[in-house]
Number of protein chains: 2
Amino acid sequence: MKNISSKTISRVLLCVRTLESLMREGKITISSGGLARITGLTDVQIRKDISNFGKVGIPRVGYNIRDLKTVLEEFILRKNVIRVILFGAGNLGKAILKYAGFGKQKLKIVAAFDRDKKKSEKVINGVKVYPFEKALFLIKKSTADIGVIAVPQEASQEVADLIVAAGIKSIVNFAPVSLKVPKEVHVRNIDLTIEFLSAYCDASV
Amino acid sequence: MKNISSKTISRVLLCVRTLESLMREGKITISSGGLARITGLTDVQIRKDISNFGKVGIPRVGYNIRDLKTVLEEFILRKNVIRVILFGAGNLGKAILKYAGFGKQKLKIVAAFDRDKKKSEKVINGVKVYPFEKALFLIKKSTADIGVIAVPQEASQEVADLIVAAGIKSIVNFAPVSLKVPKEVHVRNIDLTIEFLSAYCDASV
DNA sequence: GCAATATCGTGAAATTTGTAACGATTATGC
DNA sequence: GCATAATCGTTACAAATTTCACGATATTGC
């Protein structure tokens, strides 16, 4: 199989989300142009992205929504369930725990950790929050796919080291810090300040 | 001035964040290579990004941290304070309101709105939460730069319409929905599900 | 003061990403 | 059944982005 670029992956995931929504509306088929209008992508881009995964479309008709969703998900997400470990049960951590999309879908938060004893030992939205000290032991057993860092920045590198030590290869980092990790570990940074400022700058160009 | 690309803007903002951190450490100068090692970017990329804004560096020395930060901020963020309006004071909204980076820095949340009467009329982290009905009136007066959507997806389009009606040109949208807005309005989408899945997919390629 | 060296700034080459054009294919209407 | 129209998949092209290579310049050590 070809190398799928990170940009293609984001676009395809956006299409999958849109396909799910169309299914809920009871639609059966959709054209690349229709998907383009909803998502804001272009029709050519959508067809090209999809062509990475085979020939699923029917000329003059478009794509069968259910089939397309299946094909895209099978190629991109090779697991049925992606297991997430969360560090930090403060405001952001809670927001992630309660986020509507999770649970129902592909992502499953298998455990959360917090240094604050008052926050740990609770259960939030069906997920148990453990004290920080138990983290390494528990996550080694749990074989998680993604580690999420939602702790204050002072603690972020320490948590990253712990995630790396547990053998997890994928990190989502909300702390405004450039983490040091081995190069085989992939970090996706979401710094809200940068996101907000980017949004403002992009608009004013 | 040249057109600064969205990618350049993100990288420059990352550099600004790093420069602030270096200033706190008491450092005076930094080379492009040094910044590269911290941020994960390449040295050439950093020099090229900076070259958009003039010649600030000193050969054999590097950049004066304070000067570089000033230059980058002046060119990218032309306002001293960027005013943010927040919709939704649920978990995510609260996380944004209490996020450490805000307030101290360039971003100022000037008002928040929530449909739930129990949440509105409170003050969170110095920001008053108003009932939803007052939104259009208040935000037209307030001349905000960015509108943030942190409401459930059912309400997201309605909120987007309201932000557009208030004349705000820049939206950050956390709802997993493709918003319909006029083309002069810029939307930055942060769908946590897509971000998490992307992180997983990127790592497994 | 001069050679050696680190670092910047930048034009050119290489790579990646996106766009346009168009033949191939399938449903529709007559 | 055949012309028409809509849509896919793909190849060739264009634009954007990144990387490379190297001249210019400032500091350091002798």
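How many bridges join β8(B) to strand β9 (residues 186-189) of chain B, and in which sense do the two run? The views below take up this point and others in a predicted model, in which local features need pLDDT of at least 70, side-chain atom pairs count only at pLDDT 80 or more, and totals for chains, interfaces and linings use all residues. Residues are numbered from 1 along each chain as its sequence is written, chains are lettered from A in the order in which they are written, and side-chain values use heavy atoms, with hydrogens and water left out.

**View 1. Strand β8(B) and its two neighbours.** Four bridges join β8(B) to β9(B), and the two strands run parallel; strands here are DSSP runs of E with at least two residues, helices are runs of H or I with at least four, both numbered from the N terminus, and two strands pair if DSSP finds at least two bridges between them. In β9(B), B:Val187 is the bridge partner of B:Ile171. Strand β7 (residues 146-149) of chain B also pairs with β8(B) in the parallel sense, over three bridges, and there B:Val148 stands opposite B:Val172.

View 2. Together with β7(B) and helix α7 (residues 153-165) of chain B, β8(B) makes a right-handed β-α-β unit, meaning that, with the strands pointing away from the viewer, the path from the first strand over the helix to the second runs clockwise.

View 3. A:Cys15 is buried, with a relative accessible area of 6%, and B:Cys201 is buried at 2%.

View 4. The structure holds one cavity of 30 Å³ or more, a cavity being a set of points on a 1 Å grid over the protein atoms alone where a 1.4 Å probe fits but cannot get out, with lining residues having an atom within 4 Å of a point. Of the ten residues that line the largest cavity, the closest to its centre are A:Val205, B:Ile4, B:Phe75, B:Ile76 and B:Arg78. About 60 Å³ of space lies in this cavity.

Conventions: Buried < 20%, exposed > 50% of the residue type's maximum accessible area, 1.4 Å probe, protein only. 1 Å grid on protein atoms, 1.4 Å probe; cavity = no way out; pocket = protein on both sides within 12 Å on 5 of 7 lines; lining within 4 Å. Points joined across faces, edges and corners; volume = space filled by probe spheres on them.
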